[in-house]
Amino acid sequence: MTELKITSLFNLDETIAKELFEGFTYPWEVLPHISEFIKKLGATLSEEKFDKIGEDIWVAKSAKVAPTAALNGPLIIDENAEIRHCAFIRGSAIVGKGAVVGNSTELKNCVLFNGVQAPHYNYVGDSIYGYKAHTGAGVIASNLKSDKSLVTINFRGEKVETGIKKIGAIVGDFGDIGCNTVMNPGTVIGRNTSVYPLSFVRSYVEEGSIYKKQGEVVKRR
């Protein structure tokens, strides 16, 4: 299951949260630790670069935050990030350098690496989006199964037990998710992979591939 490992999906030099991932093998293992990590890291951030604007909320001075955005801690917004009109950050979120959190996008217990774009009507819950990952309008990272059971990762026909009730989507570096796609709990998208608009994804999608609407996966040429 090498393809599911943190080091296979992400360039850890492209996140302020690099230390969060140390000591773990698979990305979903860090989800229960995001909140406490933010509090610990936030207390060490430079006052020259970051403002502490509320309880456990640190925002880079170079970030752009719309006055209509709702920010709840624990939260770190890194340099040159943009939080747009009516974005709703529920807490336990890390927004990377130059990342975009758009109109009516909701974040909860997640890590957005540097350069991530979630610009329009997205839900990002209990998820990790890698360097320069992009989600089109209306993309949903569903994080809870309808029967409330523990999430399993479907990896090439094998079910990988996580022991966690809430896991959204793990999107590798440069992943591109088309408009109005639903990524079901435990979806893992490999690096440099694209997903067609209006897709319904519920498993691991191979690195360097294209996922089509009917579940067909082809390798990039």
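1. A disulfide is a covalent bond between the sulfur atoms of two cysteines. With that in mind, here is a place to start: how many disulfides does a search of the whole structure find? The search comes back with zero. Please remember as you read on that this is a predicted model.

2. Cys110 is in no disulfide, and the nearest cysteine sulfur, that of Cys86, is 18 Å away. A pair has to have its sulfur atoms within 2.5 Å to count as a disulfide. Cys179 is in no disulfide either; for this residue the nearest cysteine sulfur belongs to Cys110, 19 Å away. Are these two residues buried or exposed? Cys110 has 0% relative accessibility, so it counts as buried. Cys179, with a relative accessible area of 35%, is partly exposed.

3. Cys110 also leads us into the strands. Strand β8 (residues 93–95) and strand β11 (residues 110–112) run parallel and are joined by three bridges. In β11, Cys110 is the bridge partner of Ala93.

4. Strand β6 (residues 82–83) pairs with strand β9 (residues 100–103) in the parallel sense, over two bridges. Within this pairing, Glu82 has Val100 in β9 as its bridge partner.

5. For a contrast, turn to β17 and strand β18 (residues 158–161). These strands run antiparallel, with four bridges between them, and Thr152 stands opposite Glu161 in β18. The two strands make a hairpin with two residues between them. Arg156 is found in the loop between β17 and β18, and its phi is near 55°, a positive value in a residue other than glycine. As for its faces, β17 has Ile153 and Phe155 on the covered one, and Thr152 and Asn154 on the uncovered one.

6. The strand β17 matters for the next feature too. The largest pocket has a volume of about 220 Å³. Its lining is made by Lys145, Val151, Thr152, Ile153, Asn154, Lys159, Asn184, Pro185 and Arg202. Which strand gives the most to this lining? Strand β17 (residues 152–155) does, with three residues. By type, the lining residues divide into three nonpolar, three polar and three charged.

7. Now for the aromatic rings. A search of the whole structure finds six aromatic pairs. Take Phe10 and Phe21: their ring centres are 6.2 Å apart and their planes stand at 50°, so the pair is tilted. The pair links distant parts of the chain, with Phe10 in the loop between α1 (6–9) and α2 (18–21) and Phe21 in helix α2, 11 residues apart. Phe10 counts as buried because its relative accessibility is 3%, and Phe21 is buried with a relative accessible area of 2%. Together with Phe113, Phe10 and Phe21 form one aromatic cluster.

8. Finally, two details of the backbone. The peptide bond from Gly73 to Pro74 is cis, with omega near 0°; Pro74 has its place in the loop between β4 (70–71) and β5 (75–77). Leu198 is not a glycine, yet it has a positive phi of about 65°. You will find Leu198 in the loop between β23 (194–195) and β24 (200–201). Is Leu198 buried or exposed? At 56% relative accessibility, Leu198 counts as exposed.

Conventions: Residues are numbered from 1 along each chain as its sequence is written. This is a predicted model: local features need pLDDT of at least 70, side-chain atom pairs count only at pLDDT 80 or more; totals for chains, interfaces and linings use all residues. Side-chain values use heavy atoms; hydrogens and water are left out. On a 1 Å grid over the protein atoms alone, a cavity is a set of points where a 1.4 Å probe fits but cannot get out, and a pocket is an open set with protein on both sides within 12 Å along at least five of seven lines; lining residues have an atom within 4 Å of a point. Grid points are joined across faces, edges and corners, and a volume is the space filled by probe spheres set on the points. Ala, Val, Leu, Ile, Met, Phe, Trp, Tyr, Cys and Pro count as nonpolar, Asp, Glu, Lys and Arg as charged, and the others, Gly among them, as polar. Buried means under 20% relative accessible area, exposed over 50%, partly exposed in between (1.4 Å probe, protein chains only). Two strands pair if DSSP finds at least two bridges between them. Rings of Phe, Tyr and Trp (its six-membered ring) pair if their centres lie within 6.5 Å; planes under 30 degrees apart count as stacked, over 60 as edge-to-face and the rest as tilted.
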